[in-house]
Amino acid sequence: MRIDVLTLFPEMLAGPFDHSIIGRARAAGVLEIAIHNPRDYTADKHHIVDDYAYGGGPGMVMKPEPFFDCIDAVRAMAEPPGRVVLLTPQGRLLNHQVVAELAREPRLIVVCGHYEGVDERVREFLVDDEISIGDYVLSGGEPAAIVLVDTVARHQPGVLGSEASLEEESHAQGLLEYPQYTRPAEYRGMAVPDILLSGHHAEIAKWRRRQSILRTARRRPDLLAHADLTPAERRLIEEADAADVDDDPA
Ligand code: 4G3
């Protein structure tokens with residue numbers, strides 16, 4: 001997969017794209033990332049990328065020409081043309097399903113907005129998809145682009161340790177993750193649950209599933225609507241609700 005990122009602040013992205021999951025995906029050759037600055041596609045002496053809003057009002061608006069010219073040039077660099085994604089608070093909310101959908105694309109062109117927004121003609125005629133990483137406003141789209149690229153990178157085959165780990169992850173199953181422990185078995189009087197030290201793999205799997213379900217019911221009941229639960233597991237939640245049986249402090 002190839003991802004082209006358009007940003008007026010390329011320095012904000014260089015570091016994050018060189019390390020951890022994204023760095024590994026690039027090193028493995030399953031993800032190619034190229035960063036472009038629309039300012040480099042301006043023709044005027046001062047390389048102006050923003051202007052006052054027609055109709056007045058506070059703040060600046062990003063001009064259309066640098067985006068159109070930059071995307072024309074970027075599209076000519078490789079095939080296929082690529083879906084253009086704008087990161088904006090007005091976009092559809094990013095979640096596991098949206099990530100899985102974007103991760104199947106052979107190419108994405110990700111646009112980071114700034115100021116009070118971009119000229120509406122960019123949205124209307126250049127952008128295919130508007131995505132938001134959450135209901136809050138950022139100073140610019142760059143942190144959102146890092147989130148998007150990271151989540152899409154971990155869906156590329158061969159990026160995670162084993163193919164199984166993505167499916168087991170939080171949200172893939174519509175459930176939150178179960179509690180994890182490592183050594184020591186007791187630390188400052190806090191013990192690891194006995195079951196995890198028992199070596200009974202089937203019992204451990206049952207305990208983890210139960211923890212995932214109860215934790216999701218308590219913290220994110222909205223996720224249960226789409227979770228794949230057996231009737232017995234649905235009853236478990238009702239019983240826990242009635243008895244308030246829950247070891248989760250949250
Ligand atoms: C306004 C994305 C601001 C319009 C970007 C871009 C939050 C998110 C910006 C626009 C952003 C988000 C830049 N803030 N929740 N700020 O994903 O197109």
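**Helix packing**

I started with α4 and helix α6 (residues 142–153), which pack at about 75° with their axes 9 Å apart. That angle makes α4 roughly perpendicular to α6, a label that covers 65 to 115 degrees, while under 35 is roughly parallel, over 145 roughly antiparallel and the rest oblique. For the axes I used lines fitted to C-alpha atoms, for helices over the stretch in contact, with angles from 0 to 180 degrees between N-to-C directions. Helices (H or I, at least four residues) and strands (E, at least two) are DSSP runs, numbered from the N terminus.

Next I looked up who touches whom, taking contact as heavy atoms within 4.5 Å. Val99, Leu102 and Ala103 of α4 meet Leu148, Thr151 and Val152 of α6. By class, this contact has five nonpolar, one polar and no charged residues. My classes: Ala, Val, Leu, Ile, Met, Phe, Trp, Tyr, Cys and Pro are nonpolar, Asp, Glu, Lys and Arg charged, and the others, Gly among them, polar.

**Ground rules**

This is a predicted model, so I note that local features need pLDDT of at least 70 and side-chain atom pairs count only at pLDDT 80 or more, whereas totals for chains, interfaces and linings use all residues. Residues are numbered from 1 along each chain as its sequence is written, and side-chain values use heavy atoms, with hydrogens and water left out.

**The pocket**

α4 came up again here: helix α4 (residues 96–103) gives the most to the lining of the largest pocket, with three residues. I noted a volume of about 480 Å³ for the largest pocket. Of its 19 lining residues, the closest to the centre are Asn95, His96, Gln97, His171 and Leu223. The lining splits into four nonpolar, ten polar and five charged residues.

For method: on a 1 Å grid over the protein atoms alone, a pocket is an open set of points where a 1.4 Å probe fits, with protein on both sides within 12 Å along at least five of seven lines, and lining residues have an atom within 4 Å of a point. Points are joined across faces, edges and corners, and the volume is the space filled by probe spheres set on them.

**The sheet**

I traced an open sheet of five strands in the order β2-β1-β6-β5-β7, with parallel pairing; two strands pair if DSSP finds at least two bridges between them. Its edge strands are β2 (32–36) and β7 (129–132), each pairing on one side only. Strands β1 (residues 2–6) and β6 (residues 107–112) share five bridges in the parallel sense, and Leu6 stands opposite Val111 in β6. Helix α3 (residues 64–75) lies across β1, β2, β5 (83–93) and β6, running at about 160° to β6.

Most residues other than glycine have a negative phi, and most peptide bonds are trans. I found a cis bond from Glu79 to Pro80, with omega near -10°, and Pro80 sits in the loop between α3 and β5. Another cis bond runs from Arg183 to Pro184, with omega near 5°. His47, not a glycine, has a positive phi of about 50° and lies in the loop between β2 and β3 (50–52).
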